[in-house]
Amino acid sequence: MSLEEPNHIAKLSSLFNILLQGIIGIPIDFPGTRFHSSKKAASAIRTELLTIIKERRVEMEEGKASSSQDLLSHLLTSSDENGRYLTEMEIANNILILLFAGYDTSTVTITLLMKRLGEHPHAYDKVLKEQLDISKAKEVGELLKWEDLQKMKYSWNVISEVMRVNPPTIGAFREALVDFEYAGYTIPKGWKGRDKAVYILPSSDPTLALLLMGDLLSMMMMMIMLPNRTHKDEANFEDPTRFDPSRFEGSGPAPFTFVPFGGGPRMCLGKEFSRLEVLTFLHNIITNFKWDLSIPDEKIKYIPMAIPEKGLPVLLHPHQV
């Protein structure tokens, strides 16, 4: 959106953090709950985005902004095959989804990657060797290319194992397309996340987790996919709490047992973009620095993203040339 004003950025960031804390939680819309605060924050963010969208539209009409300037300009000027343009509210919702799905998930993965490499020197050394081999094959100052990313096989195995042990998000809501039976419960067509507020907890199903809880206000249902439950199931991964990138060698895990990006037709559209972001960051940080964790046993909390409790302070040591 080409935002540069610090106070405006700080305001949106503060609202976005409130939104995140209640975006995946028991949907009780009552003052004082995280869900209620999250809804208010989402509404405030949309109001801010709509103001930005209107200002950009005026700037484009006056020739002060171009259609290729950024994503916002692209959304304002692009139509579908029938010539229909997105409404301003649709554009605001698309940007809000992008902020959630495309920004925090990648930064969380990078943070947890730094943590795991700091905890496992052997994995760090192997990743460093792979990345240095790629660097040595390039000219001084030459940037990474798509072909270089395809050579980062061990690096991606490490990143995948990081996402297996600590998926970036706690889960994703799903809708029942047909009636079905699960764990003795009948799940009717149309039940979905966010409508209702009582959940069913999983057994060993590798693709769907349902959560069962009581609500004082009503007995209702919602469905949520919980990657962490699937990734820690011993039927899917031997010794699931052990950090072991070799799990992803060869053909890797069985289908629908490794689901940080979801699976099937609803798989995350940003998977390859996320892969590009994280691998590019990894290449640049590990070829320049080694690091020590300031808090070696720092715990991870989900709010709903997986975040180190103290923010993962590290000591960086530049490589000696």
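Trainee: Among contacts in the protein between residues at least 6 apart in sequence, what percentage join residues at least 24 apart?

Mentor: This is a predicted model, in which local features need pLDDT of at least 70 and side-chain atom pairs count only at pLDDT 80 or more, while totals for chains, interfaces and linings use all residues. Residues are numbered from 1 along each chain as its sequence is written, and side-chain values use heavy atoms, with hydrogens and water left out. Contact means heavy atoms within 4.5 Å, and among the contacts between residues at least 6 apart in sequence, the share joining residues at least 24 apart is 61%.

Trainee: Is Asn157 buried or exposed?

Mentor: Asn157 has its place in helix α7, residues 153-165, where helices are DSSP runs of H or I with at least four residues, numbered from the N terminus. Buried means under 20% relative accessible area, exposed over 50% and partly exposed in between, with a 1.4 Å probe and protein chains only. Because its relative accessible area is 12%, Asn157 is buried.

Trainee: How are α5 and α9 oriented to each other?

Mentor: Axes are lines fitted to C-alpha atoms, for helices over the stretch in contact, with angles from 0 to 180 degrees between N-to-C directions; those of helix α5 (residues 121-136) and helix α9 (residues 271-286) come within 9 Å and cross at roughly 95°. Angles under 35 degrees count as roughly parallel, over 145 as roughly antiparallel, 65 to 115 as roughly perpendicular and the rest as oblique. Therefore α5 and α9 are roughly perpendicular.

Trainee: Which residues in α9 meet α5?

Mentor: From α5, the residues taking part are Tyr124, Val127, Leu128, Gln131, Ile134 and Ser135. Their partners in α9 are Leu282, His283 and Ile286.

Definitions and conventions:
Helix = DSSP H or I, 4+ residues; strand = E, 2+ residues; numbered from the N terminus.
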